[in-house]
Amino acid sequence: MSLKYAVLAALLEGEASGYELSKGFDVSLANFWPATPQQLYRELERLAQDGLVRARTVEQERRPNKRMFTLTEAGRAELGAFAAEPPKRPTAIRDELLIKVQAMDGGDPETTRALIEERRGWARGKLDRYRRVRERLLDGRTEDEYLRTADRVGPYLTLMAGIAFEEENLRWCERVLAVLAERVALG
């Protein structure tokens, strides 16, 4: 899959500037499809050239002009066709830390412990952000009420996956740290 479909999906929320998309990506799509702001801007230009999004310039006083992007009918159709296709391949984990853990027996266990603690900190930070987004989306409603009545549930469902992923990341980190501590204690 290309970044193209992630950007088109993000634009289902409505018109947005590249900057707004970049910020939204950080809290919604980045948990499963990360992209740098530069990648997003390049993709938006390609999508506009291909007629999948429409761009308009908004003039601003005391600030640079900004471009606002919206989905076109062709973009919606392309996204709909993509959403109907089965994924081309199953999910695969590509995680450098897992290679380091795999190789830890040939190195310093203290270094591995520090790397796991760092991952645990990242997971906690992401989980906190995801939970704040969740509270903002729910806006006082129960999850069941939100899922029954919200205009769009896709962003919430993917947020649920991000929360579950980071919760599992934390569980794994805690387990690894416990194993490492036990091994050190046994000496």
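Analyst: We may begin with helix α1, whose buried residues are Leu3, Lys4, Tyr5, Ala6, Val7, Leu8 and Ala10. The helix covers residues 3–10 and is mostly covered, as seven of its eight residues are buried. Please keep in mind that this is a predicted model.

User: What pattern does the protein chain follow along the sequence?

Analyst: The secondary structure amounts to eight helices and three strands. Read along the sequence, these elements give the pattern α-β-α-α-β-β-α-α-α-α-α.

User: How does the radius of gyration of the protein chain stand against that of a compact globule of 187 residues?

Analyst: The protein chain has a radius of gyration of 21 Å, whereas a compact globule of 187 residues would have one near 16 Å. The C-alpha trace spans about 65 × 45 × 40 Å along its principal axes. As for burial, 29% of the 187 residues count as buried. The accessible surface comes to about 12,700 Å², and carbon and sulfur atoms account for 52% of it.

User: Among contacts between residues at least 6 apart in sequence, what percentage join residues at least 24 apart?

Analyst: The value is 59% for the protein chain.

User: Is Met68 buried or exposed?

Analyst: Burial is read from relative accessible area, with buried meaning under 20%. Met68 has a relative accessible area of 8%, so this residue is buried. Met68 lies in strand β3. Leaving out residues up to four places away in sequence, Met68 touches Glu15, Ala16, Ser17, Glu20, Arg54, Ala55, Arg56 and Val58.

User: Why does Arg120 count as buried?

Analyst: Arg120 counts as buried because its relative accessibility is 17%. This arginine is part of helix α6, residues 109–138. Beyond its neighbours within four places in sequence, Arg120 is in contact with Leu170, Cys173, Glu174 and Leu177.

User: How should I read a pocket, and which residues line the second largest pocket?

Analyst: Rolling a probe the size of a water molecule over the atoms shows where empty space is left. Here, the second largest pocket has a volume of about 220 Å³. Its lining consists of Ser17, Gly18, Tyr19, Glu20, Tyr41, Gln60, Arg63, Pro64, Asn65, Lys66 and Arg67. By class, three of these residues are nonpolar, four polar and four charged. Helix α2 (18–27) and strand β3 (66–71) each supply at least two residues of the lining, and α2 gives the most, with three. Two lining residues, Ser17 and Glu20, are also among those that Met68 touches.

User: Which backbone angles deserve attention?

Analyst: Most residues other than glycine have a negative phi, and most peptide bonds are trans. In this model, Arg62 has a positive phi of about 60° although it is not a glycine. Asp139, likewise not a glycine, has a positive phi of about 50°.

User: Where is Arg62 found, and where is the place of Asp139?

Analyst: Arg62 belongs to the loop between β2 (53–58) and β3, and Asp139 to the loop between α6 and α7 (143–149).

User: Does Arg62 count as buried or exposed, and what of Asp139?

Analyst: Arg62 counts as exposed because its relative accessibility is 85%. Asp139 has 61% relative accessibility and therefore counts as exposed.

Conventions: Residues are numbered from 1 along each chain as its sequence is written. This is a predicted model: local features need pLDDT of at least 70, side-chain atom pairs count only at pLDDT 80 or more; totals for chains, interfaces and linings use all residues. Side-chain values use heavy atoms; hydrogens and water are left out. Helices (H or I, at least four residues) and strands (E, at least two) are DSSP runs, numbered from the N terminus. Buried means under 20% relative accessible area, exposed over 50%, partly exposed in between (1.4 Å probe, protein chains only). Contact means heavy atoms within 4.5 Å. On a 1 Å grid over the protein atoms alone, a cavity is a set of points where a 1.4 Å probe fits but cannot get out, and a pocket is an open set with protein on both sides within 12 Å along at least five of seven lines; lining residues have an atom within 4 Å of a point. Grid points are joined across faces, edges and corners, and a volume is the space filled by probe spheres set on the points. Ala, Val, Leu, Ile, Met, Phe, Trp, Tyr, Cys and Pro count as nonpolar, Asp, Glu, Lys and Arg as charged, and the others, Gly among them, as polar. The radius of gyration is taken over C-alpha atoms; the globule rule is 2.2 Å times the number of residues to the power 0.38. Accessible areas come from the Shrake-Rupley method with a 1.4 Å probe; for residues, only the protein chains shown count as cover.
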